[in-house]
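Subject: Structure for you to look at

Hello,

Here is the structure I promised to pass on. Please open it beside this email and follow along.

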Amino acid sequence: MNNQESFKSKSSSPHCHGNEKKPLELYMFIDPLCPECWALEPIIKKLMIEYGRYFSIKHVLSGRLATLNMARKQNYESMADLWEKTASRTGMSCDGNLWLENPISSPHLASIAIKAAELQGRRAGIRFLRKLQEVLFLEKQNVSNLDILTKCAKTVGLDVDEFISDIHSESASRALQCDLKITSEMEVQEIPTLVFFNEHIEEEGIKITGNYPYEVYEQILEEMLMKKPERSVLPPLEVFLQYFKFVASQEIAVVYNLTVNEVEKEMKKLQLKQVVEQIPVKYGMFWKYNELNQP
């Protein structure tokens, strides 16, 4: 398997991320502006649903796109092209016109904002990251704008005053530096990169770079656990939608082992029952769970 390698030990900075009582720990190295990280979302959802009891997940911001802070206009066209190609290849829509119409001026601020959201709890951080990706990739909004970031925080239910205060705090800055240190110590050169560790800190982890078929990640879990993990039963589709609120046809297709056409037939039935609202995007379709019409 290309881009898979053994990795000797965890970061020497365990205080950066608290451990949970699960047999495996998954470090997920991402950059909020990376379309390949966005494209990995369906696989991560499926892994969490089917095998989430075996591992905890830590999002680590890698800072690989820091050079965009110095990007010149001629680089924006290549960024736009990369986004378009990723969207058409993976089925996870992202609109490259952002780089031509409303380019990101400060990727650093988006990363700091994610760490500020995480100060309100790990789940809060994950909700905020997802919302930031949605407004960036689907709505072409400039996530280096503090007003946009504040709206994201409000939408996902964060304490907005605390969030704004934390963006400018030493705590968020230290948390981001901590992530960059882990990235360096684990020699992560590309994103997305996943590093799997088991509970025996002296044993080797497995590092895998890039996006792979779902079966590859299942094989790694089996290898790390030294047994075949039991797959949890998938929830009913409506329960999935109620939990995640806003998902792509591609995400549903991956999680439920369906084709996108099969997904859209099912979703149109739910749309008729006013369970979901259809949200067309540049590539494919997203579906928004309709809280108001539910009992």
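Start at Val143. Beyond its neighbours within four places in sequence, Val143 is in contact with Leu33, Ile104, Ala110, Leu132, Val135, Leu136, Ile148 and Leu149. Keep in mind that this is a predicted model.

Val143 belongs to the largest nonpolar core, which has 77 residues. Phe128, Val143 and Phe163 have the most contacts inside this core. Where does the core lie? Domain 1 (22-184) and domain 2 (235-287) both give residues to it, so the core lies between them. As a general point, nonpolar side chains tend to be buried together in soluble globular proteins.

Now the overall picture. The protein has 13 helices and eight strands. Of its 295 residues, 52% are buried. Take the contacts with a separation of 6 or more: 72% of them are between residues 24 or more positions apart. The accessible surface is about 14,500 Å², and 50% of it belongs to carbon and sulfur atoms.

How confident is the predictor? The mean pLDDT is 89, and 87% of the residues reach 70 or more. Residues 11-19 need care when you read the model. There, pLDDT stays under 50. The model has 19 contacts beyond four places in sequence for this stretch.

Next, the aromatic rings. A search of the whole structure finds 13 aromatic pairs. Take Trp83 and Phe137. Their ring centres are 4.7 Å apart and their planes are at 50 degrees, so the pair is tilted. Trp83 lies in helix α3 (residues 73-90), and Phe137 lies in helix α6 (residues 122-137). The pair therefore ties together parts that are 54 residues apart in sequence. Trp83 is buried, at 0% relative accessible area. Phe137 is also buried, at 0%. One aromatic cluster is formed by Trp38, Tyr76, Trp83, Trp99, Phe137, Phe246 and Phe286.

Now look at Phe240 and Tyr256. Phe240 is buried, with a relative accessible area of 2%. Tyr256 is buried too, at 17%. Are these rings stacked or edge-to-face? Their centres are 5.6 Å apart and their planes are at 90 degrees, so the pair is edge-to-face. Phe240 sits in helix α11 (residues 237-244) and Tyr256 in helix α12 (residues 249-256), so the pair ties together parts that are 16 residues apart in sequence.

Stay with α12. Six of its eight residues are buried, so α12 is largely enclosed by the rest of the structure. The buried ones are Ser249, Glu251, Ile252, Ala253, Val255 and Tyr256. What do they pack against? Their partners are α2 (41-51), α6, α11, β6 (246-248), α13 (260-272) and β8 (285-289). Asn257 follows α12, and its phi is positive, near 55 degrees.

One last stop, back in helix α6. Lys131 is found there. Is Lys131 buried or exposed? Its relative accessibility is 19%, and buried means under 20%, so Lys131 counts as buried. Leaving aside neighbours within four places in sequence, Lys131 is in contact with Cys152, Thr155 and Val156.

Best wishes

Definitions and conventions: Residues numbered from 1 in each chain as written. Predicted model: local features only at pLDDT ≥ 70, side-chain atom pairs only at ≥ 80, totals over all residues. Heavy atoms only, no water. Helix = DSSP H or I, 4+ residues; strand = E, 2+ residues; numbered from the N terminus. Buried < 20%, exposed > 50% of the residue type's maximum accessible area, 1.4 Å probe, protein only. Contact = heavy atoms within 4.5 Å. Areas by Shrake-Rupley, 256 points an atom, 1.4 Å probe, with all protein chains shown as cover. Core = buried A, V, L, I, M, F, W, Y, C linked by side-chain atoms within 4.5 Å. Domains from an automatic or database assignment. pLDDT = per-residue confidence, 0-100. Phe/Tyr/Trp six-rings, centres within 6.5 Å; stacked < 30°, edge-to-face > 60°.
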